[in-house]
Amino acid sequence: MNKMKLPNFLIVGAAKSGTSSLHNYLNQHPDIFMPTYNAYGIKVKEPRFLISKLVKDRLHEGIWTFEEYQSLFFNCVNYSAVGESTVLYLYYYEEAIKNIKKYLGKNIKIIIMLRNPIERAYSAYNFLVRRGIKEKLSFEEALKQEEYRLNKDYKMTPMVMYKDMGLYYKMVHAYMNNFDNVHIIFYEDFTKNTSLEISKVCSFLNVSNSHHIDSSKKYNVGGKKWRFEWARDLFLKNNIFKKYIPKFIKNIIADNLLPFLTTKAIPIDIKTKQNLIDFFEEDINKLSALLCKDLKHWLEI
């Protein structure tokens, strides 16, 4: 008979801050369970169930019913730490917190990963451009229109809220006010000493630090753009290549061709960066005081 228990920890964001890598690293631990597939064998990257009301019309993938959400955690009763990661739980914090308490209880542990909001915004923009997901504007124009676009197009991904998603203070403050166990990871610390940050997370989750976790592979890496539109379409759009070529062959092709088909994304414009520094300065200072963490380097050109 299937046995189940629901998550006792969540990775709630922020988007483009290392959450995919952390999810995959933690999944290597024998005492930690994080869902990879749903009951039908379909890969589940982010369940999004706890904010389903807000995003199910905008995002193609997700778990939209409690029954399906429960099914993600069948046969995990023997794991001491059970979790899931959905980066939009941080941005839609009010809805998420309400439903976390309703479905998972107030004693759940919360992990938040934070990245310089200017770098995060530009990384998110380049991600959408690279993936060909409704991002045809320049970064500067996209910044001007983010709220208008989200309100105008009910199918638009929330990821276009490049600035708004980086106003962390109210989000982090709300989670800290509502839950006793909140662990903050800074992206720069995670990339500089991944093993140490994973060790801290294991301690936070009360699981052993003795198990080796391979953190050499990076997931959802940004900073690249396609050289050719046809190459992006070949790898990302539904076509014969994606439908009929076995996955392991596609991976071999990708590993060998992608270095030639992609190039580094151009650096953010200095004037644009200064404008974003001015925009985020007050919020960064409030976050710095809240977390007792010096974040003035986020305000440097």
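## Exercises on buried residues and cores

In this predicted model, the largest nonpolar core has 69 residues, and those with the most contacts inside it are Leu10, Tyr69, Ile100, Leu114, Tyr162 and Tyr175.

**Exercise 1.** Determine which elements give two or more residues to this core, and which residues Leu10 touches.

*Solution.* Begin with the elements: helices H4 (88-91), H5 (93-103), H6 (117-131), H7 (139-152), H8 (168-178) and H14 (270-291) give two or more residues to the core, as do strands S4 (109-114) and S5 (182-186). Of these, H6 provides the largest share, with seven residues. Turn next to Leu10, which, when residues up to four places away in sequence are not counted, touches Leu50, Tyr69, Glu84, Tyr89, Ile100, Leu104, Ile108, Lys109, Ile110 and Ile111.

**Exercise 2.** Decide whether Leu59 is buried or exposed, and find which residues it touches.

*Solution.* First locate Leu59, which lies in the loop between helix H2 (52-55) and helix H3 (66-71). Its relative accessible area is 12%, and because buried means under 20%, Leu59 is classed as buried. Then list the contacts: leaving aside residues up to four places away in sequence, Leu59 touches Arg48, Trp64, Leu88, Thr157 and Pro158. For the pair Leu59 and Pro158, which stand 99 residues apart along the chain, the C-alpha atoms are separated by 8.7 Å.

Key
Residues are numbered from 1 along each chain as its sequence is written. This is a predicted model: local features need pLDDT of at least 70, side-chain atom pairs count only at pLDDT 80 or more; totals for chains, interfaces and linings use all residues. Side-chain values use heavy atoms; hydrogens and water are left out. Helices (H or I, at least four residues) and strands (E, at least two) are DSSP runs, numbered from the N terminus. Buried means under 20% relative accessible area, exposed over 50%, partly exposed in between (1.4 Å probe, protein chains only). Contact means heavy atoms within 4.5 Å. A nonpolar core is a set of buried Ala, Val, Leu, Ile, Met, Phe, Trp, Tyr and Cys residues joined through side-chain atoms within 4.5 Å.
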